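Have the 3D view open while you read.

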Amino acid sequence: MIEGIHPVWIIARREVRDQFRDWRIIFPIVGLTVLFPFLMNFTAQQILDFARDYGADIVGERMVPFLMMIVGFFPLSASLVIALDTFVGEKERGSIEPLLNTPLKDWQLYTGKLLAAIVPSLTGSFLGMAVYLGGLAIQRVPLPELELTLLIIVLTIVQAVVMVSGAVVVSSQATSVRAANLLSSFIIIPVALLIQGESILMFWGTYATLWWAVFGMLVLAVLLVRVGLAHFRREELLGREIDVLNFRWGWRTFRRQFTGGAANLHDWYFKAVPAAVGGMRKAVLIITIFAAVSIGIGWAQFQRFPLEIPAADMGSRLSQVINLLPTLSAKPMLLIWLQNLRVQVIGLILGVFSYGILGIVPILAGLGISGYLVALLANNGLPVWTAIMAFLLPHSIFEIPGLILATAAVFQFGIMIATSDAEKTIGEVAISALADWAKIMLGLVAPLLLIGAAIEAWVTPQIAVMLLP
Amino acid sequence: MIVAENLTKKFDEFLAVDGVHLNVAAGQVLILLGPNGAGKTTTVRMLTSVLHPTDGTARVAGFDVIKEPERVRASVGVLTENHGLYRRMNALEYLDFFGSLYGMPAVERRKRAAMLLEQFGLAESSRRRLGEYSKGMRQKLALVRAMVHNPPVLLLDEPTSAMDPESSRMVRDAILSLRSDDRTIVVCTHNLGEAEVLADQIAIIRRGKIISYGGLAEIKRRFLGDPQFEVRFAAPLASRPVLSDKIVITGIGPDWIHYRTAQPARHNPDVLRSLMEQGLQVVSLQEIGQSLETAYLEAVNQVPEEGKHD
């Protein structure tokens, strides 16, 4: 194992040494490490004095850790530049091929480069924070609590790892430094939003939530490193030269995966679609477990947020619903169907940007609310099974399997992106996964949701009226 | 040392290398010739396990390029088309870095780097930043990098492309000196003079296929016909000399004739004897040099150029 890590160290050491010979990297790091913290010290002192004058001590107190976070974050901006250059920069300078010809394993080269991009900027961050805290101590400004200091340090580390691992993925897949810089907005914008969110939480003083943010970013960092390693290809680094979107190739790849080689509609429906579902059995199982858990969590939330429905109201409200959903009227049925489809599309968008993870949010939310609803009815005098039979079961028999399949397809997208495929580029993998999602949506989910919507609009309210006292 | 069977590489729909067969024994130098984009670099990259063959297999230094890529790369020294050195390092640091990636002990790295830098006339510049090196010096250092771990197989892509004549000569001599019983060298070059000096075998590639493969003499014979000889006489010829049916006279001048023969060792003494019997005074008999360039152009022009393959 140590022998395996040694080459990683050799790569990282050379890169770090090289960076510290480049004044364009040294200058901002030194500036942000030494000069910027002094400015922040001055700012902290001024704000503390100002806030104290108006009796708003808490603003000043919250400002001190916030500025520490900012001081720690700024040197990380250099890490993004370094990481974006990691592979594609070497490719442009022609120095990548000799490196690829050495006996290094892919993971050794990748990890070495990753470390080299993280270490200098993280060193800058720690130095900056040390200078800032030292300045506060000299100025006799109360230092943040130990737990909060630790939280900020851990937050800085995971932010660095997320940014760098994301940028290294971009660098290993981009065809030029220019393309990598353009793609870096996909890292900068989410991280900027994240910092804003963290700032709000920090001023709010909800530090426990910030630990969850740390956990979330840690998961994201692991996924990004995994994706980077899974799709790192020596061949791709040398092969791709042209920065042009090849729509024709993209469409061909999509169509090939979507049709699954089927010659006609019958083959597609009875061979290609079942094959796609078969390929995501594990994802279906995982989502089914999540779905069951979310119903349980929704049920449990009733204890925290109890509601009472006067018995008299129940009947009148149901009558209102029946008036809103006249039997065999197409409009409400289509509205329900389109709403459910829209949610699946939103799930896909969330999933694409989070390796499938956030794609499960809609089903968790939907079924969580259903669980809460059943608990609500059960606690307002309706037997549990009657509540389920009256309000959920008729249409859910079709809708829930549809939702599980759609969510599993999004989750599968993330799994495929994070899994190595020697035969395909990351672009091909993504397009193939989208084609599978579209296949399942068109072949199974949309019809199931349509049947579910028809029952929900026309049948469920009638059953509810029949079963309710 | 290098055995490739049906080595094929496709990039999407594009066939870059099409069923290449190679068999280069230890101690031999193979020259890969071909127009730009013929598939030479792609072939070399497959032999170094950097590119994965679409079809076929290859063994380099006894290792399978598909199943044992790290061992293949450890056994091969590669001079790449773009030598791309690290501009902020000096030569000693650079060679030390690559030596350590090949797992060489520190003492051996330093010793070998010093020896090679001396051999290639770079010792005095060994502490200068590589960004300050001239193009030729960079090329030499890239060659030194390829040799630093003393590999049994050397794959050199245009080893003298940026060099002045003196440096080119130095590199050629170095390659010749590197030829040993246990080392195989593959050189991709457009310099046909260099190819003639270095080659034990020549493979001419075009559009991904090897269109000719063999020894220098064999290649020349294949594309330029049998060896051609010139006989010069002491006095102008009064009439056309008569030679055996197996000898084809290809040219005749006032005091010389040119002829071709497939078996010079057997036929040349007969030619001399016959001419002397006809009372002609022979001043000299020598082979007319047929350049590799002519043979190469003949080979690549047999089929019209269609596409690029590298």
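Keep in mind that this is a predicted model. Let's begin where the two chains meet: 21 residues of chain A are in contact with 23 residues of chain B. On the chain A side, the elements that give two or more residues to that contact are α1 (2–19), α6 (96–100) and α12 (234–239) of chain A. By residue type, the side of chain A that touches chain B divides into seven nonpolar, five polar and nine charged.

Now look inside chain A. The domain assignment gives domain 1 (2–239) and domain 2 (247–467) of chain A, and their centres, taken over C-alpha atoms, are 38 Å apart. Seven residues of domain 1 of chain A are in contact with seven residues of domain 2 of chain A. Which helix gives the largest share of the domain 1 side? That's α11 (residues 207–230) of chain A, with four residues.

| Domain 1 of chain A, touching domain 2 of chain A | three residues | two residues | two residues |

Last stop: helix α19 (residues 384–417) of chain A. A straight helix of 34 residues would span 50 Å at 1.5 Å a residue, but α19 of chain A spans only 41 Å between its end C-alpha atoms. Where is the kink in α19(A) centred? Go to A:Ser396, where the kink is about 65 degrees.

How values were computed
Residues numbered from 1 in each chain as written. Chains lettered and ligands numbered in written order. Predicted model: local features only at pLDDT ≥ 70, side-chain atom pairs only at ≥ 80, totals over all residues. Expected span 1.5 Å × (residues − 1). Bend = angle between axes of the 7 residues up to and from the residue. Nonpolar A, V, L, I, M, F, W, Y, C, P; charged D, E, K, R; others polar. Domains from an automatic or database assignment.
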